[in-house]
Amino acid sequence: MCIRDRYNPRAHPTMQRVILVILFTFWAFMTYRLWQVEYAGQSLGAAVDIQVVWEKILNAQDEAKLQVVDERSNQLLGALDWTPTVVRDTTQGGSVEGMVEKVGEYTLDISRGRLHSTDSREDVIFDFHISLSPFPDQQWTSVQVQLERAISERQFEFAVDAHSTNNFVTLRASLEGAEQEVDVPLEDISKPEKLVGAGLKLAGVPALAASGASLMVKNFLNSEELKNRPLNFKLELPRQAHIDLLPGVRSRIKVYRIDVPIVEDMLVKIYVNTLGEILRAEIPDVLIDTISKTSKLDLPKSIVLRNQNFYGRLRRE
């Protein structure tokens, strides 16, 4: 008498097909629901609450590797890593490993930042860090900036350190190990001439050159291009983003576009995907041209930050 096995997967092909159909249906349904949550009823140009996009950016899981590019010449100008982090409130009790029960703060970091020079030994290297309090307050709590560059074989370093508990910003500069420090009141941050004066003081620039630089800043702010269009020195988020397509790629990728007004009609455009990852940021060409003409600097014709995972990676020439 032959006794068959109670369960033999190969003997039940019909059951396997049923399971596959169930799994596929579940996957298709969840994909449709995700599409509904993100895009249903939102055509291109449709407005989205900026708070929704901002939360996605702060809660993004992965860092964004961005390259600074002159798109007109397709030249690589630099690169940086953009990393958001959610910090758990350590005052709370025990928690499940890997799970943030209560947010203590959010942080945004720009690391391994580099702007290329003709001589690679004179590249500008920079880092940036900002800490933000949890929602709904969402106020900055600390800001740090570090910048260094070798100039004629002399190492120059510059740093900014600010905390919301203080009423001033500390600026530090070091040239060949000789360090200088100055505190700038927070109310002077929105006054370009004050910042220029403090920066030149740190750098040990001669008085005549400092006066020339201050005059250059005044000329820029009073130029015809900026006349009656004051610069916006307050870092305020726009009230809304818009559904758009990611430009410069072959695929049709829907994204959130954030328009940040630096000057009236001069918008920095930032493109973010539905996971909060930064894909692209465009500096307005007219602003670059205005700075070039006013300051007599030979700047690139266009400056765009591009996520190399979506645009590919350029190599330095």
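**Exercise 1.** Identify the buried residues of helix H5 (residues 285-295).

*Solution.* The buried residues of this helix are Leu287, Ile288, Thr290, Ser292, Thr294 and Ser295. Buried means under 20% relative accessible area, exposed over 50%, and partly exposed in between (1.4 Å probe, protein chains only). Helices (H or I, at least four residues) and strands (E, at least two) are DSSP runs, numbered from the N terminus. Just after H5, lysine 296 takes a positive phi of about 60°.

The model is predicted: local features need pLDDT of at least 70, side-chain atom pairs count only at pLDDT 80 or more, and totals for chains, interfaces and linings use all residues. Residues are numbered from 1 along each chain as its sequence is written, and side-chain values use heavy atoms, with hydrogens and water left out.

**Exercise 2.** State how many helices and strands the chain has, and what share of its residues counts as buried.

*Solution.* The chain has six helices and 14 strands. Of its 317 residues, 33% count as buried.

**Exercise 3.** Find the aromatic pairs of the structure and describe the setting of each.

*Solution.* Rings of Phe, Tyr and Trp (its six-membered ring) pair if their centres lie within 6.5 Å; planes under 30 degrees apart count as stacked, over 60 as edge-to-face and the rest as tilted.

1. A search of the whole structure finds two aromatic pairs.
2. Phenylalanine 24 and tryptophan 27 form a tilted pair, with 5.9 Å centre to centre and 35° between the planes.
3. Both of these residues, phenylalanine 24 and tryptophan 27, lie in helix H1 (residues 13-39), three residues apart, about one turn of the helix. An α-helix has 3.6 residues a turn, so residues three or four places apart point the same way. Phenylalanine 24 and tryptophan 27 are both exposed.
4. Tyrosine 106 and phenylalanine 135 form an edge-to-face pair, with 5.3 Å centre to centre and 65° between the planes.
5. This pair links distant parts of the chain, 29 residues apart: tyrosine 106 belongs to strand E4 (residues 103-115), phenylalanine 135 to the loop between E5 and E6.

**Exercise 4.** Determine what share of the chain's contacts with a separation of 6 or more joins residues 24 or more positions apart.

*Solution.* Contact means heavy atoms within 4.5 Å. Residues 24 or more positions apart account for 46% of the contacts with a separation of 6 or more.
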